[in-house]
Amino acid sequence: MANRRFCVGGNWKMNGDQKSIAEICKVLSDAALDANTEVVIGCPAIYLMYARNLLPCNIGVAGQNAYKVAKGAFTGEISPAMLKDIGAEWVILGHSERRAIFKETDELIAEKAEHALAEGLKIIACIGETLEEREAGKTNDVVARQMCAYAKKIRDWTNVVVAYEPVWAIGTGKTATPEQAQEVHAYLRKWLEENVSKEVSASLRIQYGGSVTGANAKELAKKPDIDGFLVGGASLKPEFVDIINARK
Ligand SMILES: O=C(COP(=O)(O)O)NO
């Protein structure tokens, strides 16, 4: 396996309340987690400080979105500076739900990435194709287009993790096979080498996301270009510990 620290993110999306968040934070705090795996929790913004105070410091917390400027008249938005101010070290950007439901464009997401990095946050930059795009044989074209938009704004990839999340696998139970996921991850590694640098291609962690569970994580984790996961539904359950320990 390449020398990239395995990184597992939980994306709680718009789920949870104080009681359930305290419960899952206790499960994570009490669990014997693989010290070689970096763990990041993407918590709803309103509960970030609460989760930050409940989780041990070896588990990072992430916003699930942030705007492209530090402050101003942007009702309802939050900024990377605010995330940092309350102890969040990460932000998830470009999730397919932000793209599909909230109509975020490649360009806006890339501007958000640029600003979040400039503010000192680490980012999980999401990409992924729809079922229609895959069935039309356009998977590589789509992820290349999305990566190109990020690459126009990202100068230093040190604090970037990319999450490849095929939209057709998110929340559907139709997980990409390890071979399907590895094929796209390998393509992304090649794209990075050709369009960014050999060093970034070798060092950048690429997470897989889309119906990852405690039952399928180990097989996915065996693939050489899968460097972790971005987990939705299963990150709200105790089985998230098994996913974190997939390489243990
Ligand atoms: O959206 C996802 C994946 O969600 P699921 O694990 O529920 O498919 N990660 O950001």
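1. A quick definition to start: a residue is called buried when its relative accessible area is under 20%, exposed when that is over 50%, and partly exposed in between. Keep in mind that this is a predicted model. Tyr 67 has a relative accessibility of 18%, so Tyr 67 counts as buried. Phe 74, at 35%, counts as partly exposed.

2. Those two residues also meet each other. There are 3 aromatic pairs by the rule used here. In the pair of Tyr 67 and Phe 74, the ring centres are 4.8 Å apart and the planes sit at 50°, so this pair is tilted.

3. Tyr 164 and Tyr 208 make another tilted pair, with 6.4 Å from centre to centre and 55° between the planes. This pair ties together distant parts of the chain: Tyr 164 belongs to strand 6 and Tyr 208 to strand 7, 44 residues apart. Both Tyr 164 and Tyr 208 are buried.

4. Now have a look at strand 2, residues 38-42, where 5 of 5 residues are buried. Glu 38, Val 40 and Gly 42 lie on one side, Val 39 and Ile 41 on the other, and both faces are covered.

5. What about the neighbours of strand 2? Strand 1 (residues 7-11) pairs with strand 2 in parallel over 5 bridges, with Asn 11 partnered by Gly 42. Strand 3 (residues 59-63) also runs parallel to strand 2, joined by 4 bridges, and Ile 41 stands opposite Val 61 there.

Note on methods
Residues numbered from 1 in each chain as written. Predicted model: local features only at pLDDT ≥ 70, side-chain atom pairs only at ≥ 80, totals over all residues. Heavy atoms only, no water. Buried < 20%, exposed > 50% of the residue type's maximum accessible area, 1.4 Å probe, protein only. Helix = DSSP H or I, 4+ residues; strand = E, 2+ residues; numbered from the N terminus. Pairing = 2+ DSSP bridges. Phe/Tyr/Trp six-rings, centres within 6.5 Å; stacked < 30°, edge-to-face > 60°.
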